[in-house]
Amino acid sequence: RPVQTSSACPPWALDRGPYRDRQRSERGRRTRPSHVMGKVHGSLARAGKVRGQTPKVDKQDKKKQPKGRAKKRMQYNRRFVNVVVGFGKKRSPNANS
């Protein structure tokens, strides 16, 4: 497609194509570089505050994970055999609900 050189552009082309950069510069956005130095994440005096004030809880004893062939068998059963087909989005393997 030939590139249009007129300053007026169709409304459907504002988000893509050769008009995108021109549109941003005309509106005045993105005039500063994105890597301007500045303060980030507060002072270091507060570092570790939340972790320091949480109570210590001992780790629980857990059943040992299977290794090797048994682990692969467990993964296969979890992913392909015991799958519940329902409506809506597919649940992630990390979902608790």
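Predicted model: local features only at pLDDT ≥ 70, side-chain atom pairs only at ≥ 80, totals over all residues.
## Sorting the residues

## The largest pocket

With those groups in hand, take the lining of the largest pocket: seven of its residues are nonpolar, four are polar and five are charged.

The volume of this largest pocket comes to about 630 Å³. Its lining has 16 residues, and Arg78, Val83, Lys90, Arg91 and Ser92 are the ones closest to the centre.

## The chain as a whole

What about the overall layout? The protein chain has three helices and zero strands, giving the pattern α-α-α as you read along the sequence.

Among the 97 residues of the protein chain, 4% are buried.

## A nonpolar patch

Out on the surface, Tyr76, Phe80 and Val81 make up a nonpolar patch, and together they have about 350 Å² of accessible area.

Val81 belongs to helix H3, which covers residues 69–81. Is Val81 exposed or partly exposed? Val81 counts as partly exposed, because its relative accessibility is 47%, and that class lies between under 20% for buried and over 50% for exposed.

Technical notes
Residues numbered from 1 in each chain as written. Heavy atoms only, no water. Patch = residues over 30% accessible without salt bridge, like charges linked within 9 Å, V, L, I, M, F, W, Y side chains within 5 Å. Areas by Shrake-Rupley, 256 points an atom, 1.4 Å probe, with all protein chains shown as cover. Salt bridge = Lys/Arg side-chain N within 4 Å of Asp/Glu carboxyl O. Helix = DSSP H or I, 4+ residues; strand = E, 2+ residues; numbered from the N terminus. Buried < 20%, exposed > 50% of the residue type's maximum accessible area, 1.4 Å probe, protein only. 1 Å grid on protein atoms, 1.4 Å probe; cavity = no way out; pocket = protein on both sides within 12 Å on 5 of 7 lines; lining within 4 Å. Points joined across faces, edges and corners; volume = space filled by probe spheres on them. Nonpolar A, V, L, I, M, F, W, Y, C, P; charged D, E, K, R; others polar.
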